[in-house]
Amino acid sequence: MRALVIGGGGREHALVWKLAQSSLVERVFCAPGNGGISRDAVCLPLREMSTTSVLQLVRENQIDLVVVGPEAPLVAGLVDDLQSQGVLVAGPAKAAAQLEGSKIHAKQFMQRHGIPTAEFVVCSDPHTAQQYANRWGGPAVVKADGLAAGKGVVVASNRAETEAALNSVLSGELVGAAGMQVVLEQCLIGEEVSFLVLTDGDSVLPMAPTQDHKRVGDGDTGSNTGGMGAYCNDSIISGTLTQRVMKQIVHPTLAGLRAEGTPFRGVLYCGLMITAEGPKVLEYNVRFGDPETQALLYRLDTDLAQVLHEIALGKLITPSLSWKPGASVCVVACAGGYPGSYATGKLITGLDAAETAGVKVFHSGTAMDKGRLVTTGGRVLGITASGADLATAARAAYSAAEKIQFDGMHYRTDIGKKGLERRRPLD
Ligand SMILES: Nc1ncnc2c1ncn2[C@@H]1O[C@H](COP(=O)(O)OP(=O)(O)O)[C@@H](O)[C@H]1O
Ligand SMILES: [Mg+2]
């Protein structure tokens, strides 16, 4: 089959790389792709992220399966549009994608279906919101309702911060129209885990758990980013906790979606907080996460094209996913200044030396410019390695990172450390 991946970041590079290994896949395309993706797939220009543009690519290139990477086109209904034209696509329909498109919708959905999540209220004026915040007292979390590319959430540690956050979101200053309404929620304490499942709406295949690292600095300090790294191994959470997540969160979510007439096909990402009272949902994403996907797919043994094809057909029959033993680690190398303003167009060197056996460098923000690979984004590369255990995988990723250079390059030096320090899985 001929597969087309929509998007152009590190997640899409990992998808392309994994799909290309399938014996079912004759050729992989990516639109728009990036400099690194162009080494593993045929990159197609995408004039705009619209159904018309994607359909044109599908027709011109006789695409058999479309895989959508980013959330915005899913929330806008690209899957519905493609399906109505007879195109096979692995991803949720617009109605199901609102679990990510609206945080208010997601919270009310969880409330309706008894899915554990932080207590919350919905507000659209700062005065009422502040009254709630005062009643709560201590820390609170302010979340813009709409899509905000990871910039719509403020974790406030006291009343003054909550007030400031409410004002900046509701005034439109922080994320514009996405913040016309907010969710104000209780601040949960615990460890975060990304729990992704592949589903056709009924059958479900849990993926291995992963942990993302959102803050720019070592030890989870500094500003929030799109993700500075991730790791994946089987000892992040216990088997008992996995079963509990499936029973209390994944199954009720899928059943709730079915009951509401919006069954979910694709990748459901449950962002969890493992609290003293058990796992609670921080948020849903309706697609693969970045950079969790780089770590996940580097460890996945199962043929992803087969699974996504079954999902697109609405008949998931693959019984389970298999994983390489050990662990994988993805370290994101960023441009100088990121997550603030940064320069682009910096020459990248050392990739050939870095990509030894057990190491793959997925590209997030790169382009080929007159035969040279240059930076185009804040997150530039996802240096990904596997190993017999987490320590070995992390060592391999960092030794590869040391071989790569571009002006201003920086990365966290502690990706996976939490896993290494954990004496036993979260339970
Ligand atoms: N209720 C909460 N308690 C504590 N931390 C939270 C809570 N909700 C969100 N966070 C923190 O904020 C981050 C971003 O929130 P999330 O709901 O995942 O939104 P988004 O990914 O859309 O920005 C989370 O990864 C988590 O670190
Ligand atoms: Mg999140």
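These legends describe close-up views of a predicted model. Local features need pLDDT of at least 70, side-chain atom pairs count only at pLDDT 80 or more, and totals for chains, interfaces and linings use all residues. Residues are numbered from 1 along each chain as its sequence is written, while chains are lettered from A and ligands numbered from 1 in the order in which they are written.

**View 1. An open sheet of 5 strands with parallel pairing.** The strand order is β3-β2-β1-β4-β5. Strands are DSSP runs of E, at least two residues, and helices are runs of H or I, at least four, numbered from the N terminus. Two strands pair if DSSP finds at least two bridges between them.

**View 2. Strands β1 and β2 pair in the parallel sense.** Residues 2-7 and 27-32 form 6 bridges. Ala3 stands opposite Val28 in β2.

**View 3. Contacts of Val329.** Two residues are in contact if their C-beta atoms, placed from the backbone, lie within 7 Å. Beyond its neighbours within four places in sequence, Val329 is in contact with residues including Tyr231, Ala295, Ala385 and Ile415.

**View 4. The shell around ligand 1 holds 15 residues.** The closest are Ala118, Val141, Val153, Leu188 and Glu283. Near means a C-beta atom, placed from the backbone, within 6 Å. Strands β7 (140-144), β8 (153-156) and β17 (278-285) each give two or more residues. The shell divides into 7 nonpolar, 3 polar and 5 charged residues. Ala, Val, Leu, Ile, Met, Phe, Trp, Tyr, Cys and Pro count as nonpolar, Asp, Glu, Lys and Arg as charged, and the others, Gly among them, as polar.
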